[in-house]
Amino acid sequence: MAASHSVDVAPWRWVLAGVLASFAGRFGRVEPRRTAAAFVTGLLADIEVKTCWQLAEQAGHARPDAMQRLLYRAVWDADAVRDDVRTVIVDRFGDPDAVLVVDETGDLKKGIHSVGVQRQYTGTAGRIENAQVGVFLGYASGHGHTLIDRRVYLPVSWTDDRDRCQGAGVPDEVEFATKSELAAEMITAAADAGVPAGWATADEAYGNNSVFRAHLREHQLGYVLAVSRSHQVPLDGGKVKIRADRIAAELPASAWQRRSTGAGSKGPRLYDWAWLDDVTTDADPDDDGHHSLLIRRNTTTGELAFYRCWTPQPATLAQLIRVAGIRWTVEEAFQAAKGQVGLDQHQVRRWDSWHRFTTLALAALAVLAICAADAADEPPQSGLIKLTVNEVRRLINTCTIRPIHELAHRLRWSQWRRRHQARARQAHYKRRLNAELQP
């Protein structure tokens, strides 16, 4: 049966229209408002690379000027648009038991001028590379999940060089902040905006940070944070501290329970779990909460993972395991954001441009996440898995977005690209020749 016969895509048009309408009022002029709508629609389109050139061609523009102006010079507040998109997401996915998920992702770069770029470790490459790193906040509930906030990380090499910052448009008031501090800022912003959530989770880069853990407790957010195997765990009222892996090595066989963290593509994700509830906090034992250490063991390899946990009220092992298992949603969101809406395909260098492109990419991702969640609520069809974000985008392109196939339009753009590239090549040769002729 054809997809158009088995899937009703009409509500998806309303989702796209609703997301676009949520922030339309942030633009004082109709031109950037329409360009922003075309930009988000283009990010959803089936085009190879999602830069201003390709997005403009997809939108039917004669030149990329309007798209570039939207990112560089148009007057609009990317943070306000982010807030509007977050509101749409919370209206659909909001739940008091939801989880805020922190993680970072890097974009590999060749030059040195993109804001925040330097040689640094990025999980994208799994090694130290010339990269730009962003810290993101995800939102996950039983209704769905996606990304709701973003911060670009500025290394000390940038914040100590104010001329370099000025060249990239970094505001004078922006100072160095660690990734954990950026994550704390986003969590505070979400809490101040009334985003319903009961939990937070993150990997060991954040879980090892005692200040970050204290920040979550201040917001009364329960947490299940990964920590390193060498993490010192306070026991016996804080009188002693023992490495997490040493604690695991001394546990009896009866301490382990086999539980599932949820359904995976190949069946239940089963692990062995051990839970120690006599852990104390690092500095403020009178916080009235409940501290514990959670240990996960791979049933095949025996590999261990460790989690520092805290809840304002007593919690069950099943609750903590659920939160630990939800951290994968941010990885899935990164994969969808990069693979489906071009989160890592921007070719911008400046502070405002990075935040603007990323915000519009999060808006496009929200459309896919909401459409996929709506489709998941429909009765299952025999022999078919539920619609994924990837499949939703394919169907949106087939049934909703109408690409321009007019030959004259495509030929004009081919000529424009070649002319622009010829000018760029000539300018590059001229700069190189001048440099060689200098005494």
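Residues are termed buried under 20% relative accessible area, exposed over 50% and partly exposed in between, with a 1.4 Å probe and protein chains only. Helices (H or I, at least four residues) and strands (E, at least two) are DSSP runs, numbered from the N terminus. The model is predicted: local features need pLDDT of at least 70, side-chain atom pairs count only at pLDDT 80 or more, and totals for chains, interfaces and linings use all residues. Residues are numbered from 1 along each chain as its sequence is written, and side-chain values use heavy atoms, with hydrogens and water left out.

Helix α4 spans residues 52–59. Its buried residues are C52, W53, L55, A56, E57 and Q58. Because 6 of the 8 residues are buried, α4 is largely enclosed by the rest of the structure. The partners of these buried residues are α3 (30–44), α5 (65–72) and α17 (407–437). Contact here means heavy atoms within 4.5 Å. Just after α4 comes G60, with a positive phi of about 90 degrees.

One of the partners of α4, helix α17, also holds A435. A435 counts as partly exposed, at 49% relative accessibility. R425 lies 10 residues from A435 in sequence, and the C-alpha atoms of the two are 15 Å apart in space.

The crossing of α2 and α15 is right-handed. A crossing is left-handed if the near helix is turned anticlockwise from the far one by less than a right angle, and right-handed if clockwise. On the α2 side, the contact residues are W12, V15, L16, V19 and F23. On the α15 side, they are A363, V367, I370, C371, D374 and A375. By class, this contact has 10 nonpolar residues, no polar residues and 1 charged residue. Ala, Val, Leu, Ile, Met, Phe, Trp, Tyr, Cys and Pro count as nonpolar, Asp, Glu, Lys and Arg as charged, and the others, Gly among them, as polar. An α-helix has 3.6 residues a turn, so residues three or four places apart point the same way.

Aromatic contacts were then examined. Rings of Phe, Tyr and Trp (its six-membered ring) pair if their centres lie within 6.5 Å; planes under 30 degrees apart count as stacked, over 60 as edge-to-face and the rest as tilted. By this rule there are 11 aromatic pairs. One of them is the edge-to-face pair of F23 and F27, with 6.4 Å centre to centre and 65 degrees between the planes. F23 and F27 are both buried. Ring pairs join F23, F27 and W76 in a cluster.

Charges also meet rings. A charge sits over a ring if NZ of Lys or CZ of Arg is within 6 Å of the ring centre and within 35 degrees of the ring normal. K179 places its charged end over the ring of Y153, 5.0 Å from the centre. R297 lies over the face of W256, at 4.2 Å from the ring centre.

Two further helical residues are buried. R86, in helix α6 (residues 78–93), counts as buried at 7% relative accessibility. Beyond its neighbours within four places in sequence, R86 contacts I148, A189, A190, A193 and V195. R86 and L362 are 276 residues apart along the chain, with 9.2 Å between their C-alpha atoms. F334, in helix α14 (residues 328–341), is buried with a relative accessible area of 4%. Not counting residues up to four places away in sequence, F334 touches D103, E104, T105, F136 and L147. Its C-alpha atom is 20 Å from that of W199, 135 residues apart along the chain.

D277 is in the loop between β10 (267–276) and β11 (290–298). D277 is exposed, with a relative accessible area of 59%. Residues up to four places away aside, D277 touches H291 and S292. The C-alpha atoms of D277 and A375 are separated by 40 Å. Q220 is in the loop between α11 (210–218) and β6 (222–227). Q220 is partly exposed, with a relative accessible area of 47%. Most residues other than glycine have a negative phi, and most peptide bonds are trans. The phi of Q220 is positive, near 55 degrees.
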